[in-house]
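Q: Could you take me through this structure, starting with the overall architecture and then going into the details?

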Amino acid sequence: MGDAADYRTFATAAQSWQNVFNVGTGYVQARQSAGQWLPNFSPATLSGFVEGTSAQYTPMVPFNLSGLIAARGGDAAWVRYLNSLLSDLTSPGPENANLSDEPSLEIPYEYDYAGAPEDTQRVVREIEQDLYADAPAGEPGNDDLGTLSAAYVWDELGFYPETPGTGVLALGSPVFPGAVVHLPGDRTLRISAPDASPSAPYVRGLTVDGRPW
């Protein structure tokens, strides 16, 4: 939109996670007014967070995931962390991602940013199969004006808007052999995946406008 001043304001504010990330624990934590960390910290704490815990909120840095991953020890360490968050999808504890609520929805796609896209594809398909059902009350939580429904549609199409307000989509894998998305301005996005099915979560190749990606 060309509004450089507001862009700089919000782009700078988006890095404020660094003020509450404790390199000693590897988690985002609450601070007291004088700057010291809130005592008696546990990754399962709700103190300083709304509808989630420190473990669940630490990954929510969509405007600098590479910086967050580096701060927590790099790709391999981040994959281990995601594995722990996503180790129990159906009965999550306070140190697991809770895919029935917004703070955790972006977490499965973060494997893409740590060099493990196959894990995003695997986990997202498990979410689709295990947490959603084609039946009344078929969603895992409060739809909140369509949030869970929208996340499910993104998952089924095979990508997700990991970084809000940008044109970047993190890739999963499509469920349907073909899908058509009608965009503003009479534009059309066609997704062709002839071998796609609920039981085939892994992508073997990708082309965009006929060009290998």
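A: This is a predicted model. From the N terminus on, the elements of the protein chain follow the order α-β-β-α-α-α-α-α-β-β-β-β-β-β. The radius of gyration is 18 Å, close to the 17 Å that the globule rule gives for 213 residues, so the protein chain is as compact as a globular protein of that length.

Q: How many helices and strands does the protein chain have?

A: There are six helices and eight strands.

Q: And what does the C-alpha trace span along its principal axes?

A: The C-alpha trace spans about 55 × 45 × 35 Å along those axes.

Q: What share of the residues is buried?

A: Of the 213 residues in the protein chain, 37% are buried. As for the accessible surface, it comes to about 12100 Å², and carbon and sulfur atoms account for 56% of that area.

Q: What about charges: how many positive and negative side chains are there?

A: The protein chain carries 10 positive and 26 negative side chains. The centres of these two sets lie 9 Å apart.

Q: Changing topic to helix 4, which of its residues are buried?

A: Helix 4 covers residues 75-85, and its buried residues are Ala77, Trp78, Val79, Tyr81, Leu82 and Leu85.

Q: Which elements do those buried residues pack against?

A: They pack against strand 2 (27-28), helix 2 (54-57), helix 3 (65-71) and helix 5 (117-131).

Q: Now to the strands. In which sense do strand 5 and strand 6 pair, and over how many bridges?

A: Strand 5 (residues 178-183) pairs with strand 6 in the antiparallel sense, over six bridges. The two strands form a hairpin with three residues between them. In the turn, Gly185 has a positive phi of about 75°.

Q: Which residue of strand 6 does Leu183 stand opposite?

A: Leu183 stands opposite Arg187.

Q: Staying in strand 6, why does Ile191 count as buried?

A: Ile191 lies in strand 6, which runs over residues 187-192. Its relative accessibility is 14%, and buried means under 20%, so Ile191 counts as buried.

Q: Which residues is Ile191 in contact with, leaving aside its neighbours within four places in sequence?

A: With those neighbours left aside, Ile191 is in contact with Leu157, Phe159, Pro174, Pro177, Gly178 and Ala179.

Q: Finally, what share of the contacts with a separation of 6 or more comes from residues 24 or more positions apart?

A: Such residues account for 48% of those contacts in the protein chain.

Technical notes: Residues are numbered from 1 along each chain as its sequence is written. This is a predicted model: local features need pLDDT of at least 70, side-chain atom pairs count only at pLDDT 80 or more; totals for chains, interfaces and linings use all residues. Side-chain values use heavy atoms; hydrogens and water are left out. Helices (H or I, at least four residues) and strands (E, at least two) are DSSP runs, numbered from the N terminus. Buried means under 20% relative accessible area, exposed over 50%, partly exposed in between (1.4 Å probe, protein chains only). Contact means heavy atoms within 4.5 Å. Two strands pair if DSSP finds at least two bridges between them. The radius of gyration is taken over C-alpha atoms; the globule rule is 2.2 Å times the number of residues to the power 0.38. Accessible areas come from the Shrake-Rupley method with a 1.4 Å probe; for residues, only the protein chains shown count as cover. Lys and Arg count as positive and Asp and Glu as negative; His and the chain ends are not counted. The place of a charge is taken as NZ of Lys, CZ of Arg, CG of Asp or CD of Glu.
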